Amino acid sequence: MRYRMTFAVGLAVGYVLGSRAGRERYEQIKQTAQRVADNPRVQEVAGIVGAQASKIAGKARTRVGDTLQQRIPFLGSHDHQPDSGTGWPDEEGVEQKARESGIPY
C-alpha cells in the first residue's frame with residue numbers, strides 16, 4: 001500500500017510540474033531528443049552497442065542452454081526416436097535407459 005501511495009504522489013507531482021512547464025517546453029525537449037537520436041555518431045554508437053549486446057546474449061543463451069541440457073536430460077536428447085503419439089515412452093527405450101542407468105526395471 002505504501003508503494004502505491006508513493007507512486008500516486010510521484011505521478012501527481014510529475015503531472016503538476018509537467019503542466020506548469022507547458023506545451024512549449026515539451027516540444028523543445030522532444031525536438032532536442034529527436035536531434036540527438038538523428039545524430040550519425042549516436043546512431044553509430046547505438047549500432048555498436050546493439051551488436052555487442054546481441055553477441056553477449058548469444059553467448060549467454062549458448063551457455064545457459066548447455067547447462068540446462070546437462071542438468072535436464074530430456075532437453076539434450078538428440079537421439080530422440082519418434083514416439084507412438086500417446087505421450088508415453090516406448091517400452092524398449094525405457095528398458096534400455098534403465099539398463100544403462102543401473103535402475104532395475
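Glu-27 counts as partly exposed, at 25% relative accessibility, where buried means under 20% relative accessible area, exposed over 50%, and partly exposed in between (1.4 Å probe, protein chains only). The model is predicted, so local features need pLDDT of at least 70 and side-chain atom pairs count only at pLDDT 80 or more, while totals for chains, interfaces and linings use all residues. Residues are numbered from 1 along each chain as its sequence is written, and side-chain values use heavy atoms, with hydrogens and water left out.

**Overall architecture**

The chain has three helices and zero strands, and its elements run α-α-α from the N terminus on. Helices (H or I, at least four residues) and strands (E, at least two) are DSSP runs, numbered from the N terminus. Of the 105 residues in the chain, buried residues make up 1%. The chain exposes about 10000 Å², of which carbon and sulfur atoms supply 59%; such areas come from the Shrake-Rupley method with a 1.4 Å probe, and for residues only the protein chains shown count as cover.

**Helix α1**

Glu-27 meets Arg-23 in a salt bridge, with 3.2 Å from N to O. A salt bridge is a side-chain nitrogen of Lys or Arg within 4 Å of a carboxyl oxygen of Asp or Glu, and by this rule the count comes to one. Arg-23 and Glu-27 are separated by about one helical turn because they are four residues apart in helix α1.

Val-13 also lies in helix α1 (residues 2-38). Together with Met-5, Val-9 and Leu-17, Val-13 forms a nonpolar patch on the surface, with about 380 Å² of accessible area together. Patches are made of residues with over 30% relative accessible area and no salt bridge; like charges are joined within 9 Å, and nonpolar side chains (Val, Leu, Ile, Met, Phe, Trp, Tyr) within 5 Å.

| Residue | Relative accessible area | Class |
|---|---|---|
| Arg-23 | 60% | exposed |
| Val-13 | 43% | partly exposed |
| Asn-39 | 32% | partly exposed |

**Helix α2 and its start**

Asn-39 is placed in the loop between α1 and α2. At the start of α2, a side-chain oxygen of Asn-39 comes to within 3.0 Å of the backbone nitrogen of Arg-41. Helix α2 (residues 40-71) has 32 residues and should span 46 Å at 1.5 Å a residue, which agrees with the 46 Å between its end C-alpha atoms. The expected span of a helix is 1.5 Å times one less than its number of residues.

**Confidence**

The chain averages a pLDDT of 77, and 69% of the residues score at least 70; pLDDT is the predictor's confidence in each residue, from 0 to 100. Confidence is highest in α2, at a mean of 87, and lowest in helix α3 (residues 91-101), at 61.

Key. Polar contact = N/O pair within 3.5 Å; in protein donor to acceptor, adjacent residues only side chain to side chain.
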